[in-house]
Amino acid sequence: MSHHPVHVVQPADAEILPKLETPAVISRLEELIRRYPVKRGALLQALWLAQETLGWLPNAAIRWAALKCEVSPVHAYGVSMFYTMYKKEPTGRFFLQICQNVSCHIQGAENVIVHAEKVLGVASQGGNTADGLFTLLRVECLGACGNGPVMQVNDDFATDVVDGELAMPDGVGLTTERFDRIVAWCRARAVAIPTEPARDSLGGMLVGTGGHPGATGATSAVQGIYAPPAPALGLGSSRTEDGKVKLSWRAAPETTTFHLETRSGSGEFAALASLSGKDKEWIGELAVGTEVRLVAESAVGRAKPSNIAKVVA
Amino acid sequence: MSNSYSKPILPKPDTKRVVINVDGADVEVPDGTNLIEALKTIGIDTPHFCYHQDLPVAGNCRQCMIETDGPRGMGLAIACYTPVRAGMKVATDRSSEKVKIARKSVMEFLLANHPLDCPICDKAGECTLQDNYMAAGKHESRMRDDIGKQYKGSPEFRHEDSKGQERGGKHIDIGPRVVLDQERCILCDRCTRFMRDVAGSEQLYIAARGDHAFIGTFPGQPLDHEYDLNVTDICPVGALTGKHFRFQQRVWMLSKTETVAPDDSLGANITVEHHDDQAWRIMPRRNPDVNASWISNATRLQYRRLSEDRLASGSFRGTEVRLADAIERAGGLVQSARKVALVASGHLTIEDNAAILAMAGAFGSRVEVFGGSWLSVGAPDGIARSGDPVANRMGCKLLGVPDNLDDLVRRAGEFDVLVVVGHDLWAADSAKAAALEKIPERIVLASWHDATVAKSTLAVGVRAWAEVRGTMVNCQGRIQRLNAAPVAPSPDLEPVWQVISKMGRLDWSSELDAFRFAQSRIPALAGLNYRTIGSMGRILEGVAP
Amino acid sequence: MATLTVTQNFGKGAQDIGVYKSLGGYSSLSSRLFDLSQFELIDLVMRSGLRGRGGAGFPTGMKWSFVPRNSGKPVYLVVNADEGEPGTFKDHRLMLEDPHRLIEGMIICGWALGVRTAYIYVRGEFLPAIEALNAAVKQAYEAGLLGKNIAGTSFCMDIYVHRGAGAYICGEETALINSLEGFKGQPRLKPPFPAVSGAFASPTCVNNVETLMALPWILENGPEAYAKMGTPKSPGTKVFSVSGDVKRPGVYEAPLGTPLMEILEGKDYCQGVVGTLKGVIPGGSSSPALTAEEAKQANLDYEALAGLKTMLGSGAVVAFNTTRSVVGMLASLTRFYAHESCGQCTPCREGTGYADRILKTVVSGHGRDGDLEQILDLAANFTSSTICPLGAADSAPIINFIGKFRSEFDAVVAKNPDRGEPRLSKNFRPGAFWE
């Protein structure tokens, strides 16, 4: 089930806004907004940013994100409720999410989940343990089925502890023993490091005008001309039923003109006719053995010639 | 909104027609229109929920299913989002079993999680869920207790009921005028589209997903907008209802009288719905050229005034008198007066003002007509109000009623009798009106005990706007009809034109006499009668606003 | 060992641009690409026969040809990295192992379509992959392969990684676009199609991760070489995610048309089934499952599986043996689809939950005679009247599992001694509500 609790005390704006209106958060938000041609596009990322800063997403933060992205508050609220990863109440320090979908199910997920509920003393519906350390939630397919049953601890995939770190080694899926090892690892970590260090929820926010060193930022810009003009392709020669020569080809829709050129024997190609850019074939009289080629032209200019086709009998 | 859907393309009188095949028969329909509209023009009604003529198409209810031909043969499609294309083949439920099953299954799905509220729901009798079930559903329920229903509601309003069932949100107070029942919502998104695209203020939104989705406002924020009650009209079920009408009347008891709004010069088309001689609500009447399907809250809630503070008899020097006596006395005063100032009113019908002008004419230079308004004019809101509170300003102008109230104030001393008809001068501007208190006899024809009646020496009760038959010309130059609802507080009350006729001894017997007089003053009314004006009104020739 | 076109860098540290280049990466960003007009490049991809690898299998070159070149509007490329189809985990692995290959493929696609701004929409649960992508994008900018005037040409392109927030439905391309634009991830009515009006009302191409990652190889080796692999109608190779009752679950690239049993038992692949095979889901949970008999005749390509009334889909193979309860498998899937329904249209919104609740009632031992028929009937009703294929994706496993393994379901219903009770509650009496 998604993570939407029944009764949460909502903190007031006065408590939340000062935490969001810091230079660090504002500058990151401005970067994010610059990545989209419309401010509204940054809404999901703004909600991630607020959640990372506060640990969860109270209504005051949702309203803040709405204001910044120029959408109505109820729109941002509806969006925050639509996606399951936005937390509408604080979670424990270690958010354990175990997949219950078909492949993990076959590989014993139910067993592990029931064991987890017993060990932690909390139902797997997103509840927090009494000591506030763990939240346990059944989730849907996490996209790592080769390691089923799969679990995430906060944002990391973890099916075992290897060399003192959470890991998901090849072919290793969660078992009750491995789950216990992971829980022990978490408890040890909580003792060694009093507060969980912040994790960049956007995976490496890059700094530059648009979020990257070379990026120009929000753009509804149209690409200029960069590629060569399109030639005609696949020029082929055949005969119509009444014996005329038929030439056919493929070409780009932006072609304005085709220049049909012929050559007999050695020597240069000479222009024979100009055809409309909409034509896909030409029917006429040509000597057998004549070599033909098509030069397409568009607003960009003349393209390189097509392949050479020989008029057949 | 998550996409750029557009409003439906509706047939117009000049839309080209093309031939398509419906249920095996070739028919002619307007080209390029949404199929659901095209089918309507040939008398085929397609059941639907989320579609509305005046809102962007959403296509989410899936009730309006039909079959049409595509690259892979005949296939199911929604009629509201399928454009008419010459030569297309369409199968409705009349010829396609698949369509019948698809429509029936949508009804089953909608009712699967819907609360059994009909007995306590205001919408019963005009509920699209009920109507479409009878038209396209009629399935036997396959639900049972241990399967259970997933009732809809937001986390803050979900609760457990007395039987231990998990329930959604019930009778939530979401704003000054609207009650929300989240359980009843079928997530058609009409209210969301209305608030965003018509009202221009996105205050409602469907949050969460799947059968856990629900309609609501931002937690703690009210639904509050001058047009918010329109969501209760367009809501196909009883999810959004008006507080003013809650538990007041069963809709099948109500009779409907078509009229126009008296509080604004756009003249939004409305119906007054009444029962037992009382008006119980006002509903919008669709007129694509005037107010579409919308009316403001102010217009809608006017019906309450019809039974508040009514002047149902006469009063002379503060004492209540019989209406007939008051009218007679008023007539006598005017007959014997030296000079009468007769104030017309843009809040009254063409017929009423015609009577005023006719009476003035009958008395010659002894009676002088004054008109205009001291009320301030706002800006049009682009929805259903022009901003001008004087509904029949255009009608008065066409009749030749002068705009000279301030003149009257200046020259008040010249008159010994003042007659104010249907015009609350003292409420509009008591400072200016004070000057009129020097006129010794002040006769007021009014429907309410208002500030002007309080300053009168003789007051005569008259029927209110909803109780009269007549016409008004709106700010577009459109003449529109008012019809009389039987809600007057006393059977003795008469319309203004009739009282004036008695006072001025015009001997008019019906509104038609008044209308004919108006025709003599307004060339554009030539050849018209109440029938040819029609229920949607008529633009008058050569009357440029 | 068959030719690898997208997984050849696995395990080689190709996340680093230096390593990627030393393995031949970004070689297509040369005259090989820059001398091509947009039309030629699209024609080249058409000739390769490459089909969308996300699930629909639509010919990529043809999809590209629908994007107008002179509309005056910007063209967006949105990479669909919202891999959520149960059983699928190939894109996850591809992005973690070889993010630069995706970037190279995006630049090739960008060249073909005139893309100025591209987004990689990654599902929110894949934060490690997002980190790998962001690091790779940063390296690409620093190497002059992104941003203005890429590799000395006048072509400019930006790539932004966009993090989703937990919604399987965002894998549908119009829902993806809506989510990118800051809305709920609800699919759109079509037309208009994204190629004409997609993200921000502009022409948009949505391509799967694996599809784009095939492009560098195609450019380097030529479309004919790609088309020679696989089958005539399903050319090239496919990356299969294989899990469940196999000895060596994982991500494997093989030519299309490879027999399913080869993937399950081959020494280069999963090296054998664990236990006795009962059935196989061949292409993700939305594809009808095959019995063990059918699996033995199945080749993994679009046409062969369509011939067996199932589909290749995302190529997510889930094998299950005779100890696995199909009833439990279906229950986990009906719960999944009910949870993931976006809620926009009636049949899917109410129907998936309704079918799930009935199945839960059966699984909990309270099923009645006729319940299975009701589930099948509901499933049939939310198959073809929905806005997007999620309804059909739920009905496929329902109809298929109950159809092919009916006796297992009957056995669960049979456990209820009251199964013959009428469908209305025992306690139902008209008027009881008011007492």
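Two residues are taken to be in contact if their C-beta atoms, placed from the backbone, lie within 7 Å. The structure is a predicted model, in which local features need pLDDT of at least 70, side-chain atom pairs count only at pLDDT 80 or more, and totals for chains, interfaces and linings use all residues. Residues are numbered from 1 along each chain as its sequence is written, while chains are lettered from A and ligands numbered from 1 in the order in which they are written.

Between chain C and chain A, 80 residues of chain C are in contact with 67 residues of chain A. Helix H7 (residues 127-142) of chain C supplies ten residues, the largest share of the side of chain C that touches chain A. Helices (H or I, at least four residues) and strands (E, at least two) are DSSP runs, numbered from the N terminus. By class, this side of chain C comprises 33 nonpolar, 27 polar and 20 charged residues. Here Ala, Val, Leu, Ile, Met, Phe, Trp, Tyr, Cys and Pro count as nonpolar, Asp, Glu, Lys and Arg as charged, and the others, Gly among them, as polar. For chain B, 14 residues are in contact with twelve residues of chain A. The side of chain B that touches chain A has eight nonpolar, three polar and three charged residues.

Chain A contains eight helices and 15 strands. Its C-alpha atoms fill a box of roughly 90 × 45 × 35 Å, taken along the principal axes. The radius of gyration of chain A is 32 Å, whereas a compact globule of 313 residues would have a value near 20 Å; the radius is taken over C-alpha atoms, and the globule rule is 2.2 Å times the number of residues to the power 0.38.

In chain A, the axes of helix H1 (residues 13-20) and helix H3 (residues 43-54) come within 10 Å and cross at roughly 105°. Axes are lines fitted to C-alpha atoms, for helices over the stretch in contact, and angles run from 0 to 180 degrees between N-to-C directions. H1(A) and H3(A) are therefore roughly perpendicular to each other, a term that covers angles of 65 to 115 degrees. Ile16(A), Lys19(A) and Leu20(A) of H1(A) meet Ala50(A), Thr53(A) and Leu54(A) of H3(A). This contact has four nonpolar, one polar and one charged residues.

Chain A also holds an open sheet of five strands with mixed pairing, in the order S2-S3-S1-S4-S5; two strands pair if DSSP finds at least two bridges between them. Strand S2 (125-128) and strand S5 (156-157) of chain A are the edge strands, each pairing on one side only. Strand S1 (residues 94-99) of chain A runs antiparallel to strand S4 (residues 151-153) of chain A, and three bridges join them. Leu96(A) stands opposite Val153(A) in S4(A).

Chain C is divided into domain 1 (17-227), domain 2 (229-321) and domain 3 (326-414), with bounds that come from an automatic or database domain assignment. The C-alpha centres of domain 2 and domain 3 of chain C lie 24 Å apart. Seven residues of domain 2 of chain C are in contact with eight residues of domain 3 of chain C. On the domain 2 side, these residues divide into three nonpolar, four polar and no charged.

Technical notes
Angles under 35 degrees count as roughly parallel, over 145 as roughly antiparallel, 65 to 115 as roughly perpendicular and the rest as oblique.
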